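Work through the exercises below with the sequence and the model in view. Each task is followed by a solution in steps.

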Amino acid sequence: MKAKLEEIRSASMKAIESVAEAADLEALRIRYLGKKGELTAVLKQMGSLTPEERPAMGQLANEVRARIEGAISEKAALIREAMLEKKLEAEALDVTIPGKKPSLGHKHPMSVVLDEAKDIFIGMGFTIAEGPEVELTEYDFTRLNIPEGHTVRDWQDTFYITEDEKIHLRCQTSPVQVRVMEKTKPPIRIISPGRVYRKDEVDATHSPMFHQIEGLVVDKGVTMGDLKGTLNALVEKLYGAGTKTRFRPHHFPFTEPSCEVDMQCFACGGAGCRVCKGEGWIELLGAGMVHPKVLEGCGIDPEVYSGFAFGIGVERMTMRRFNIPDLRLIYENDVSFLGQF
Ligand code: PHE
């Protein structure tokens with residue numbers, strides 16, 4: 001029995017020594033000290049010893065048990081330490097490495113331009129008015145001096161909501177002029193940015209949905225000179241001091257006289273280049289003096305008051321501002337494209 005105990009001692013010491021995992025160590029504990037373990041099996045044979053042999057053997061057995069227990073707990077501590085070490089290594093934090101920047105989004109290029117334009121107009125004393133995108137045909141056409149059967153309705157008329165053609169998606173922000181004038185008495189000085197819809201096919205410069213900023217100023221003694229001054233201030237602020245505008249005669253049913261306004265090409269300064277297709281000028285917007293019939297229809301006396309109005313395409317401004325060659329890019333929401341601005 002003594003020999004067996006010695007054998008257990010040396011075998012267990014070696015085994016415990018060579019173990020590296022907590023689970024293996026537990027298996028050894030069970031193997032030697034468990035209820036069905038090797039040491040327990042030897043102790044069960046104590047009964048077969050003579051009373052003289054028993055104390056010495058009992059003492060040896062206790063010694064061996066204590067050694068094994070001691071070795072196991074030492075080893076357990078070592079394993080715990082090693083695991084902690086490993087974990088710390090794995091989670092090592094190098095405070096000298098620069099942090100990862102979370103990628104923040106930013107304003108869409110159209111919002112950038114829109115916000116700039118809003119700021120400029122607010123700086124000139126304008127307030128912002130809103131009107132519905134789903135509009136009464138009466139406001140978008142009739143009250144803007146575009147009666148039924150007018151040719152303008154053919155190319156603009158669009159996306160009807162009701163079969164009687166009394167409601168449609170507005171094709172311009174101009175109906176907001178009427179909505180503001182019938183509710184507010186002059187002096188009026190508003191802009192109204194918003195979405196508009198037309199039956200246009202999608203291409204590099206057209207979309208069935210786009211954005212405009214409508215402008216309206218009504219007061220006593222407002223002239224075309226005020227319109228020019230306002231639009232010059234806008235393009236100088238947007239495209240740089242000294243940027244010139246050019247007014248060409250045009251026709252809109254709701255303004256008289258009407259004009260289209262071009263700005264000097266920002267790329268070539270007027271010499272003619274690819275951006276302006278050799279013209280030196282780029283079309284910017286439609287504008288004019290509010291037609292007396294439109295004023296009258298809103299209860300404003302055209303003998304006392306006059307006003308100017310304009311409508312700017314926001315996509316066009318954005319494309320110009322950021323040199324975007326294709327309108328479709330603005331709507332595709334491709335982050336690798338938008339991220340450039
Ligand atoms: N509503 C016109 C358009 O969409 C632009 C415009 C607005 C013209 C105001 C004159 C006055 O083309």
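**Exercise 1.** Determine whether Cys171 is buried or exposed, and find its nearest cysteine sulfur.

Solution. Step 1: Cys171 has a relative accessibility of 0%. Step 2: buried means under 20% relative accessible area, exposed over 50%, and partly exposed in between (1.4 Å probe, protein chains only), so Cys171 counts as buried.

The model is predicted: local features need pLDDT of at least 70, side-chain atom pairs count only at pLDDT 80 or more, and totals for chains, interfaces and linings use all residues. Residues are numbered from 1 along each chain as its sequence is written, and side-chain values use heavy atoms, with hydrogens and water left out.

**Exercise 2.** Describe the salt bridge between Arg29 and Glu26.

Solution. Step 1: a salt bridge needs a side-chain nitrogen of Lys or Arg within 4 Å of a carboxyl oxygen of Asp or Glu. Step 2: for Arg29 and Glu26 the N to O distance is 2.9 Å. Step 3: Arg29 is partly exposed at 33% relative accessibility, and Glu26 is partly exposed at 37%.
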